Structures are given as structure tokens and as C-alpha cells.
Amino acid sequence: MSRKPAPATPPSVEPFWRRYRREITFLAVFLVLLGGSFTLISVQWVNDHAIEPFTAGIARVSGAVLDLLGQNVTMQGTIIRNPRFAVNIRNGCNGVEAMLIFLAAVLAFPASWRSRLLGLGLGILAIQVVNLIRVVALFLTGIYFPRLFDTSHTVIWQTLVILSGVLLWIFWANRFAAPAPAEPAA
Amino acid sequence: MARQAPARTVRGSWAGRLIRNILLWIVPVWLVWMALTPLYNRFLATAGENLLLMAESPNVTDLLVQGAHTAHIQRRDFPPSRSLVRSIRVTDLHFHLVLLATLFLAVPGVPWRERLSNLAWAVLIAIFFHLLLLFFWVKFVYATQLGSWSVAHYGPVARNLFGLGKHLLDLPFKLSLPLVLWAAFYIGRMLEELRGESSA
């Protein structure tokens, strides 16, 4: 009895998983890391012992920059104030969201651990610099253009901070995380 | 002797063109989004209200649009002096559309028809996301923001569900949705392009 050879699978009916393996892997790792990290920072203890002190540090640095610009601000925890305006830096304004999105994107992308660590170090620093500019700019917007504050606060600056994270990720992927060439089909 | 790989410059590479296109597209996309926002806010409020009515009995929630950016949550079963329970800035739910459309329009080397078709799918998914986010926003207000009324009408599980759900949808998933959808359509192409350049 002879066995018939199995018919070759045409490329059009290639299994969904094999066809979109790279997309599915990236998205699954990205979403798990993102959901996990944001659930973690929503735990009260983590918020009180890690996020709040970190945010207070951002407030101190922002206050120092505003002082250099002649604003004579005082700081109280996460609040920056002067006689004309006050802001309270809260979750969503401390750059942590952009950092975690960047972190998840870098870790989900196929690259060596050395490239990932380099990307995380430089990327997180760059995102915090952009966020510092955001806090200072928002404080000045509140003083000089108060009508624009709401739109500036959410729509403009959140978009710019996330955009900076996405651009940094593309730059990192291109410059430091070149994926190995695909193996030839067997 | 091993051949040295040519140094990759960002400017000439696929990724460099992508970054350049993103920077070129963002302002025109922003202007279009700003022009369409009042109309889209009205649509979201109406559709969101219908979604909420499907999930409650008796039907008591109204979402009243005020101005170009805001909607008031009104409960018809509350006394008139307290019936407006909270305002939502509806524009804040969907400003990530700017980044989403910019990313989809900026991909180099993709025919316009395919680019627009992918963008249309992504926007459609985003619209469902906005409705879900608006639903969670209102439920979050009901479950956690109305003091003793919230405690009397929502148990601990529901309060945590709507609290965490709103937190996750409103921050990480809203902010990362453009990248997630872009990656779903284009991460494979990106990897191929980068591999092609690194092996050239």
C-alpha cells in the first residue's frame, strides 16, 4: 500500500497564527506588559511608595526650572504654586504613562537585551525631559494664557508626550535594535 | 574577509521617512480633527447615551451636550436640583485620533488605497473604543463619585470593576491605542524593512 504525499498547502490558506505571528507576538507581549504595569501602579501601596515620591521629585525639578525663569514658586508635595497660579501634578501628568508605554513597546520588540536596556535608559530620560518641558510650559500657560490651559493640559501636551515616546521607539528600533535577517524557508 | 554592514542613517532609512512623515502629517491631521470634533462629540454623546440605556433599567441617564467639548451626565430619577451629576470633557476621550491618523498616513511605501483602508478600519475600532470608554466613565461616576448613593447602589466588586476599568481604559489603553492599532497593521512591514536594511 502506498501513501499519497500530502498536498502542499497553498500560501493563501497559510494558518492565521503563522501568517501574523510577528504582529500577534508583539501585540500580546505589549498588551500584557502594559496592562500589568498599569494595574501595578494603580495599587494604593505602589502609588504611595513609588509613584507619589517620583511625582514629588518631578515637581521639585519643575519648580527649580520655574524659579530659574523668575516665577518664584513654592512646592508642597506634588503642588507647585506662586501667587498667580498653582498646579498639582497627578497621575497622567508625571510622564509615567508614556514611560510605561515606551517600556512595553521596547520589551515587546525583537531585539537583544543590551539594545533594550540602552533604549530604556535613554528613552525614559528623554521622555522625562519632554515631560519637564510640559509641566513648565503648562504652568506658564496657566499664568499667561489661562483660557488655553484645559486644552493644553490634555489634548496638546498628552499627545506630544506620547508622540515623543512613539518617535523615540521608532528611532531606537531603527538605530539600535536591528532585527536579525529572517531565516530562509526550509 | 567579512563584509562590513553599511552604517544605517535615520534620514535615508524607512524609519527615517516614517518619522519625517509623522512630523509633516501631524499638523494637518490636527486641524481636521479640531474641525470635526464638535460633530463627533455630539455623535458620541448620542450613541453613548443609547448604549447606557441598553444597560440600565429604568432608563434614567441623559448625556446633554453643552458647547463644543462638554457633556453633562443627567439622571432623571434625581431631584431637579441634583440631576446634573457630573460633566465630562468628551474631547478628552478621543484626542488620540490625531496620533492614530498621523501614524497611519505616515507609513512610507504603502499605496494610498491600502493606507486609507487600514486607517478606516483603525478609526472604526477607535470609535467602538470611545463608546466603551464613555460607558465606563459614566458608570465610574455612578459607582464611585456619588457618595452614599454610590455605596447604596453599587457593591464593592462593581465599584472596583468600574474604577479599575475606567483607569485602564482612560490612561494606558487610550494613550497606547494608536500605537497598538498601528502595530497590528504595520509591525510586520516595519520588521521586514529594518531586516532588509540591516542585511543590505
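Residues are numbered from 1 along each chain as its sequence is written, with chains lettered from A and ligands numbered from 1 in the order in which they are written. Because the model is predicted, local features need pLDDT of at least 70 and side-chain atom pairs count only at pLDDT 80 or more, while totals for chains, interfaces and linings use all residues; side-chain values use heavy atoms, leaving out hydrogens and water.

Chain A contains 6 helices and 3 strands (DSSP runs numbered from the N terminus, with H or I over at least four residues for helices and E over at least two for strands). Along the sequence these elements follow the pattern α-α-α-β-β-β-α-α-α. Of its 186 residues, 44% are buried (under 20% relative accessible area, with exposed meaning over 50% and partly exposed in between; 1.4 Å probe, protein chains only). Contacts (heavy atoms within 4.5 Å) reach well along the chain: among those between residues at least 6 apart in sequence, 66% join residues at least 24 apart.

The accessible surface of chain A is about 10600 Å², and carbon and sulfur atoms account for 65% of that area (Shrake-Rupley method, 1.4 Å probe; for residues, only the protein chains shown count as cover). Leu118(A), Leu122(A), Phe171(A) and Phe176(A) together make a nonpolar surface patch of about 340 Å². Such patches are made of residues with over 30% relative accessible area and no salt bridge, joining nonpolar side chains (Val, Leu, Ile, Met, Phe, Trp, Tyr) within 5 Å and like charges within 9 Å; a salt bridge is a side-chain nitrogen of Lys or Arg within 4 Å of a carboxyl oxygen of Asp or Glu.

Turning to chain B, 3 strands form an open antiparallel sheet in the order S1-S2-S3 (strands pair if DSSP finds at least two bridges between them). Its edges are S1 (61-66) and S3 (84-89) of chain B, each pairing on one side only. S1(B) is joined by 6 bridges to the antiparallel S2 (residues 70-75) of chain B, and Leu63(B) stands opposite Ile73(B) of S2(B). Helix H4 (residues 112-144) of chain B lies across S1, S2 and S3, at about 145 degrees to S3(B) (axes are lines fitted to C-alpha atoms, for helices over the stretch in contact, with angles from 0 to 180 degrees between N-to-C directions).

Ser150(B), in helix H5 (residues 148-153) of chain B, counts as buried because its relative accessibility is 2%. Beyond neighbours within four places in sequence, Ser150(B) has contacts including Val141(B), Tyr142(B) and Arg159(B).
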